[in-house]
Amino acid sequence: MEQRKVLSLEQEFYMIAKPIVESEIFQSQKAYKHHKYTNVYEHVLSVAYEAFLYAKRHNGYNLAAVVRGALLHDFYLYDRYAPREQTH
């Protein structure tokens, strides 16, 4: 009988999140502040983990879709708090 390794919640979350989290473009989100006290990277990682835990507690969710959606919910490639020119 084959033994299966039981993953911790953190390990299971990271296996799903890893392709996005380890990408260079996603890592660049560390440079952009968010909600005054954090950066986009830390914010979305926290949101994604909380969403993952919610989805685990309530069966029927596609965990990969939940994690991906949460990781990308504030994905942008500029500092949204920096002053910008009016375009219209």
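**Entry 1: a charge and a ring**

I began with Lys 30, whose charged end sits over the ring of Tyr 41, 4.6 Å from the ring centre. I note here that the model is predicted.

**Entry 2: Asn 39**

Next I looked for what lies around Tyr 41 and Lys 30. The backbone nitrogen of Tyr 41 lies 3.1 Å from a polar atom of the Asn 39 side chain. For the backbone oxygen of Lys 30, I found a polar atom of the Asn 39 side chain at 3.5 Å. I placed Asn 39 in strand 2, which covers residues 38-39.

Is Asn 39 buried or exposed? I read a relative accessibility of 16% for Asn 39, so Asn 39 counts as buried, since buried means under 20%. Setting aside neighbours within four places in sequence, I listed the contacts of Asn 39 as Gln 29, Lys 30, Tyr 32, Lys 33 and His 34.

**Entry 3: the whole chain**

I then stepped back to the protein chain, where I counted four helices and two strands. From the N terminus on, I wrote their order down as α-α-β-β-α-α. The protein chain has 88 residues, and 27% of them count as buried.

**Entry 4: the nonpolar core**

Which residues have the most contacts inside the largest nonpolar core? I found 19 residues in this core, and those with the most contacts inside it are Phe 13, Ala 17, Val 21, Phe 26, Phe 52, Val 67 and Leu 71. Helix 1 (9-21), helix 3 (40-57) and helix 4 (63-72) each supply at least two residues of the core. Helix 3 gives the largest share, eight residues.

Not counting residues up to four places away in sequence, Val 21 touches Tyr 14, Phe 26, Gln 27, Tyr 41, Leu 45 and Leu 71.

**Entry 5: aromatic pairs**

I searched the whole structure and found six aromatic pairs. I took the pair of Phe 13 and Tyr 49, with ring centres 5.1 Å apart and planes at 80°, so this pair is edge-to-face; the cut-off for that is over 60 degrees. Phe 13 is in helix 1 and Tyr 49 in helix 3, 36 residues apart, and the pair links distant parts of the chain. I read 6% relative accessibility for Phe 13, so Phe 13 counts as buried. Last, I noted that Phe 13, Tyr 49 and Phe 52 form one aromatic cluster.

Technical notes. Residues numbered from 1 in each chain as written. Predicted model: local features only at pLDDT ≥ 70, side-chain atom pairs only at ≥ 80, totals over all residues. Heavy atoms only, no water. Buried < 20%, exposed > 50% of the residue type's maximum accessible area, 1.4 Å probe, protein only. Polar contact = N/O pair within 3.5 Å; in protein donor to acceptor, adjacent residues only side chain to side chain. Contact = heavy atoms within 4.5 Å. Core = buried A, V, L, I, M, F, W, Y, C linked by side-chain atoms within 4.5 Å. Phe/Tyr/Trp six-rings, centres within 6.5 Å; stacked < 30°, edge-to-face > 60°. Lys NZ or Arg CZ within 6 Å of the ring centre and 35° of its normal.
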